[in-house]
Amino acid sequence: MWFKNLRVYRLTREFSLSAEKLNELLEPAAFTPCGSQDMSRYGWVPPLGRHGSELVHAANGYLMVCAKKQEKVIPAAVINERVEEMAQAIADKEARSVGRKERQNLKDEVLLEMRPKAFARSRLQFAYIDPKDGWIVVNASSAKGAEELLENLREAISSLSVIPLTAKNIPQQSMTHWLTAPEAPANFEFGQECELRDPQESGSVIRCKNQDLCAEEIHNHLVAGMQVHKLGLIWRDGVELMVDDQLAIKRLKFSDAVTEKADNVDADNAAQRFDIEFSVMTLEISALLKDLLTAFGGLNTDTASVEEIVARASRAEADQLAAEVEEVF
């Protein structure tokens with residue numbers, strides 16, 4: 001249950017729904033498996049899995065939700081092979097070539113034929129809402145996955161005003177400054193990974209792993225003008241992470257000292273164990289995000305950054321985000 005990636009969004013309006021009310025609103029959009037002709041389905045499931053029935057799990061003021069996406073998997077090579085067979089049969093029988101439009105129609109027929117027998121692949125996407133600090137934290141490695149969850153959450157509750165988390169300082173400039181010094185911000189130390197990019201549009205990229213980031217060769221690249229776009233950090237000796245130039249966090253790893261806080265508390269069943277781990281994890285992440293924002297100069301609420309915030313959002317959400325940000329400021 002421990003999150004491995006963090007995509008953080010800021011609530012621009014107070015989130016006042018209780019766990020009970022949120023659960024009620026999510027119920028009509030609960031997950032149902034793909035039907036014979038469905039290519040995908042998306043819906044809400046209990047965060048506790050088979051150990052729970054509620055679609056919202058609440059602990060210490062945090063609200064966790066879990067979305068499930070199921071997709072039919074039909075390899076493109078299989079489809080193309082079948083289309084080619086059908087097209088060749090038509091060409092042989094009618095002594096003519098099969099055009100592009102007709103091939104597309106054949107492809108549609110093949111998909112219709114294969115869907116009921118296709119293998120279904122499912123994945124879970126967890127997120128939690130922090131009404132007190134005004135954040136939504138999604139365990140997603142990509143912005144697309146996080147925004148899909150937010151879009152479905154917005155549809156379920158009718159309104160959800162969020163924007164990607166941004167700091168006052170430009171992340172790549174701050175990280176470049178830290179590594180050039182070299183001096184990590186308060187409560188952090190450097191890990192062993194980074195990604196350097198040339199600021200030129202067609203510039204080179206250098207990725208370092210298991211590397212002393214304070215080494216001379218790294219310093220020389222920075223002096224030559226390269227910028228840090230991803231940086232491995234260790235927070236308070238308890239959490240390892242990789243932060244990028246969009247303030248997204250990947251490869252989040254909690255140390256034994258952190259996980260033992262949950263292990264040292266007795267739990268009678270799986271539901272209680274989940275509750276304990278959730279409580280420990282959210283408290284750690286909350287403190288981590290506050291220190292990380294401080295390192296980047298604090299939370300950015302400047303109206304001048306509105307265009308940048310909207311540009312970083314998905315195209316599907318851009319117009320709505322722009323309207324919401326305008327209302328806030």
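One aromatic cluster is formed by Phe 3, Tyr 62, Tyr 128, Phe 274 and Phe 278. The structure is a predicted model, in which local features need pLDDT of at least 70 and side-chain atom pairs count only at pLDDT 80 or more, while totals for chains, interfaces and linings use all residues. Residues are numbered from 1 along each chain as its sequence is written, and side-chain values use heavy atoms, with hydrogens and water left out.

Rings of Phe, Tyr and Trp (its six-membered ring) were paired if their centres lie within 6.5 Å, with planes under 30 degrees apart counted as stacked, over 60 as edge-to-face and the rest as tilted.

Phe 3 counts as buried because its relative accessibility is 1%; buried means under 20% relative accessible area, with a 1.4 Å probe and protein chains only. Tyr 128 likewise counts as buried, at 1% relative accessibility. Tyr 42 and Trp 44 form an edge-to-face pair, at 6.4 Å centre to centre and 85 degrees between the planes. Both of these residues, Tyr 42 and Trp 44, are buried.

The protein chain has an average pLDDT (the predictor's confidence in each residue, from 0 to 100) of 90, and 91% of the residues score at least 70.

Note on methods:
Buried < 20%, exposed > 50% of the residue type's maximum accessible area, 1.4 Å probe, protein only.
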